[in-house]
Amino acid sequence: MLRFLIKRLLLGALTMFAVSLVAFGMFFMLPRDAVATMCVKNCNPERLERVRVELGLKDPLIDQYTGYMKGIFVGRDLGSAQGGYCDAPCLGYSYTSSEEVSDIFARVLPVTLSIVLPAAVLWLGLGIGLGMLSALKRGTVFDRLAIGFSLTGASMQLYFVGGMLMIIFVYTLKILPVPHYTSLWEDPLDWAGGLVLAWVALAFLFSAVYARLSRAQMLETLAEDFVRTARAKGLSKSRAYGRHALRAAITPIVTIAGLDIGGALGGTVITETTFGIQGLGRTAVEAVRLGDLPTIMATVLISAVFIVVANIVVDLLYAVIDPRVRLG
Amino acid sequence: MRSRAVLALGSVLALSVALGACSENTNTENGVDTDRQSSGVIATDPKDSMGPAAAVSGASKGGTFTVIRQTKISHMDPQRVYSFVGLNTAPLYARFLTTWKDDGKGHVVLVGDLAETPGVNVNKDCKVWEFKIKDGVKFEDGSAITSKEVAYGIARSFDPDLAGGPTYIQEWLADDAAFDKKWDFKANKSSLPPGLTTPDAKTLRFEFAKPHCDLPFAASLPATAPLPPAKDLGVDLDNKPFSSGPYKLVKNTVGVEMVFERNEHWDANTDPVRNAYPDKFVYQFGPNAEAQTNRLIADGDADKATLGWNGVDSSLVAKVAGDSALMGRTLREPTPSAWRLSINTQRVPDLSVRQALNYAIDRPGMVKAAGGDLKVAPLTTLMPPSTLGFKKYDAYPADIEKAKSTLAGKTPELVLVIGDDSGAQELGTQVKNNLEKAGFKITIKVIPADSKLDETKKKSNPWDLYLDSWAADWPSGAALLPVLFDGRTIKDEGNSNTSYVNNDAINAEFDRVLALDPAAQAPEWAKLDERIMKELAPAVPLYADVMFVMHGSKVGGVYIDSIFGYPAFTRAFVKQ
Amino acid sequence: MSLSQIETEAAGVDAAAAPVAPQPGMVGRSPGRLAWARLRANRTAMVSGWIMVFFVVLGLAAPLVELVYGISPFEQFQDKIANNSLPLGYFGGVSGEHWFGLEPQLGRDIFIRLVYGLRTSLFIAVSAALLTTGLGIVLGIISGYLGGWIDAVISWVIDFALALPFLIFALAIMPTVTARFYGPRDEIPVPFRIGVMIFLFALFGWTGTARLVRGQVISLREREFVEAARASGAGLFHILFRQLLPNLWAPILVSFSLAVPGYITGEAALSFLGIGVVDPTPDFGVMINKSLSYAQTDPAYLIFPGVVIFLLVLAFNLFGDGLRDALDPKSSR
């Protein structure tokens, strides 16, 4: 178990290293000039050039990369134009926001987490619940309705569903506030009220996958010998299904859920744009558009961390849920 | 399952039909005074510069005024403020040497803000200027504002780290476009830039090598806001400005929210323009124009004292315009933001081709493509109607046949560059289809919207046509025509003269008019405008933006400022 | 977002589909015939299949439709647009001449743009699905069968590709690539933009199929028929693509049919962020995104493209679902 964990962690670190290299190289090829974007009117070439030198954009690429990575682990001095010394973990100083990137993330990360995590609970619950029930009631009207409902969801576009939900619940019925983010610790009710539409929209779209998957898994497991044996031994229906069947069926669902949640954390751009909430996704898109390298790097690294960690967690969960899986 | 698909389809249809009532769409009047004339004077009577500001009828103190905007304000540090939203927000937390008294209908008077008068032209040659700082003006910590702090504010605008702000005063003092090389702020923090002196705590003196009659105008930009050296946080001041105005920034969650509360040390009796009625100003960032408009249409409890900075979204214009109750909560004024199709004369040297482009453009079609006549108003002149001395003319009345005959059988192949934002792409399509009817062959080149401005400002840019806009920093032809069409200022990068015209006769005319008394200049600029279009045709004037903003039912006192054409909050109040 | 969805949907088959080993000697219908029979018995699948075919034919025949309809997708009818930029008349300017009305602002015909948009979207989605499936099959089969360090490397590359945020990279790659290939005065040809989009989908989308195939191959490689082939001295290529591949077609087919709607959605999402196809090229994503904001003032503009894209994606999803049931006898018992 420990050996496996160490191996996975090392591989994860290797992945992160590769991601950082690719991101860094990639964005230096971007045909964007953050410095020119920064100055509004009246900028002259010499001044632009001087700013470029000060930001270190004239150093060899390799120096810029090592400088950036060094900042993450031990901190570094960014110079007077960028707010002076930046403590580890230093993600750099945003060219466009006049603040340290780590401050930006301290602000937008809770937003994205608040959107994705409750939404994931909702879509997992809804999806798996629908899937399992329709498997148990296979062939009935409920089964067909449930699958039809989830397929309809999967065939819709998030911005379409989101836009419609807002028009209905916010602008027409006025029973929900305009989507916004408040800290959970400050005002839990407002937190939920501001994000509930985003959760519902995401759940509607994502639950289809889980409904279908869990239905198929459940059907298969129900037919397996150990469930039949359990039933034959006289275990009640609910115990047999709940204990045995659910447990076996859930393994592949966990795999996908891990990936989806990890991916969603890095890819909430569309959700955030639709609902007008400033989180990780929109910060990333704006950074790419403006060529704000430090922010881009940090966004890519952070979303990659989510996915890598989610993968490792899933592998570990596998072992916990399904004793048949041997780690090695 | 088939029946369910039909059911789903049916419900989508029913929903959509229910959402938009099925009524006939027709042409209607919109009530925007697009041809309103402007007037402007510089106050000569010191009483005009004294406080308090005239009371607004129906206004009362108190309440929280909210502004929603899609993106954050790029800079809050007064020395770096240059965006429209920054320029109209800065008066809340900063005071300047001079400022505009503005009726919101194009009639403006330049008065002293921190200064007792809008400047004294000491030798009547526009080379030496003096400003006397008022008594009783204070910072948010209660310390007095003297000429020293104003001078320090101007000095720190020489710091290359503090990019973004206007550079007029720095360039005039240094008599050099590369002013930060001429005088290094970081190495001389305790001294002042050349030509700037503070003979005593009340007096600020500018001495220029060349005459600059526009100084009182330039001094109205936030870059003349004062700052005590001890409170200078360098680049970090951008998120924590030190207030000299009626409000101070007490909470700044960058990109999300800013909260301003009263600065108890601000004295209304010293301030000629700020009423400061609300107790609090809150800026919220994030929602786009569409979401803002939807919120304001709904007029929910939280949004009654709210204004949507980004204006009524073009997709919702018809809904708002069709409802007189909603129209009652909007402001509709033409703005000085003038759009033109710039022609790169380096690449299109043939005057007849440029004239044909002018004849070919279909302005009504452009207006429709740009979102309708509540978003833009057609323009045939280089200067927008809000410019002082504006005179309407049309040098090239739209006529496709005339365009064809002017081309005389030529089929010029031109490249039009546009940004990759969705609105621009439709305008590009519109221009292409329009010009191709007259026999042009247009290639559309899409480049990232954020870099388009910088790329077209490079002299060596490879394109023939681009959509450009210009909003002058003060409503004088001097802040528009020479800036855009004086060929002697052309450099490698960062040009405002994106048509790259350089005509000796016109350049000489610029010099002649600029040396005139500011009041005498106005009609001369209007004449020169027409002459440039007739002789050079460096661009096709298209339209001026119309500011069409909406607010909640408890908002009062807001006006569209006559200088920049954006909502201004100096008289704003919350109806009780 | 859309990409991970494809993987999960296909993975549903992963565990469910039984490998169909060739059974010579058995008399009767082949497994393929059996599946076909089951598919035909599924009314939902058949109806959605026909809707699919209808859309594909409509897209392919777009120029013909234009010929009959008499209006080009680029023609502007601005004299039928009011000064508030919306179409004159009722329900978004619907008339005998313009069946689905006109676009606000530019005044182009919605019906003919939808027909051409169908073509663009389907072309991108089908090409991307073919490419990702092909790549996934080859890498998955090699990884699963050979095992060892090759498997380790490919598995790591999959993990790596999954860790890259797709949208951010798409946003960065599009302008970079176009700037490399075209001069500053060249228009970026539409096929090139479409090509880059397909390439982007392929680059990030192959991992799903690869994982799926790898898993299947691992469970198959110790089977007798593979051992027999190995013992009789068959070459690697023969074992991989002649012995193993025929046993994998069921899950692959299902994953392919579910990938297509995923990419239709994905393409629309890219356009939502301004990365994908741009005006004036007719395209679903572009149309939907623009029309969304007109939900209140010009609902017709939203309804026509919205309903068509919804029907299209739903048809593909339903058909894919039916196909899975047909190919996997267990789940449809």
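Colleague: At what angle do helix H6 (residues 148–163) and helix H8 (residues 190–220) of chain C pack, and how far apart are their axes?

Modeller: The angle is about 135°, and the axes are 9 Å apart. Helices are DSSP runs of H or I with at least four residues, strands are runs of E with at least two, and both are numbered from the N terminus. Axes are lines fitted to C-alpha atoms, for helices over the stretch in contact, with angles from 0 to 180 degrees between N-to-C directions. The model is predicted: local features need pLDDT of at least 70 and side-chain atom pairs 80 or more, while totals for chains, interfaces and linings use all residues. Residues are numbered from 1 along each chain as its sequence is written, with chains lettered from A and ligands numbered from 1 in the order written.

Colleague: Why are H6(C) and H8(C) called oblique?

Modeller: Under 35 degrees counts as roughly parallel, over 145 as roughly antiparallel, 65 to 115 as roughly perpendicular, and the rest as oblique. The angle is about 135°, so H6(C) and H8(C) are oblique to each other.

Colleague: Which residues make the contact between H6(C) and H8(C)?

Modeller: Ile158(C), Ala161(C) and Leu162(C) of H6(C) meet Phe204(C), Thr207(C), Ala210(C) and Arg211(C) of H8(C). Contact requires C-beta atoms, placed from the backbone, within 7 Å. By class there are five nonpolar, one polar and one charged residues. Ala, Val, Leu, Ile, Met, Phe, Trp, Tyr, Cys and Pro count as nonpolar, Asp, Glu, Lys and Arg as charged, and the others, Gly among them, as polar.

Colleague: What makes Phe304(C) buried or exposed?

Modeller: Buried means 20 or more other C-beta atoms within 10 Å, exposed 12 or fewer, and partly exposed in between, with C-beta atoms placed from the backbone. Phe304(C) has 22 such neighbours and therefore counts as buried. Phe304(C) lies in helix H13 of chain C and touches Phe100(C), Ile110(C) and Leu114(C), leaving aside residues up to four places away in sequence.

Colleague: How many residues of chain C are in contact with chain A?

Modeller: 43 residues of chain C are in contact with 47 of chain A. The chain C side divides into 29 nonpolar, ten polar and four charged.

Colleague: Where in chain C is confidence lowest?

Modeller: In H1(C), at a mean pLDDT of 41, against 92 in helix H5 (residues 110–146) of chain C, the highest. pLDDT is the predictor's confidence in each residue, from 0 to 100. Over residues 1–23 of chain C the pLDDT is below 50. Where pLDDT is low, the predicted coordinates should not be read in detail.

Terms used. Two residues are in contact if their C-beta atoms, placed from the backbone, lie within 7 Å.
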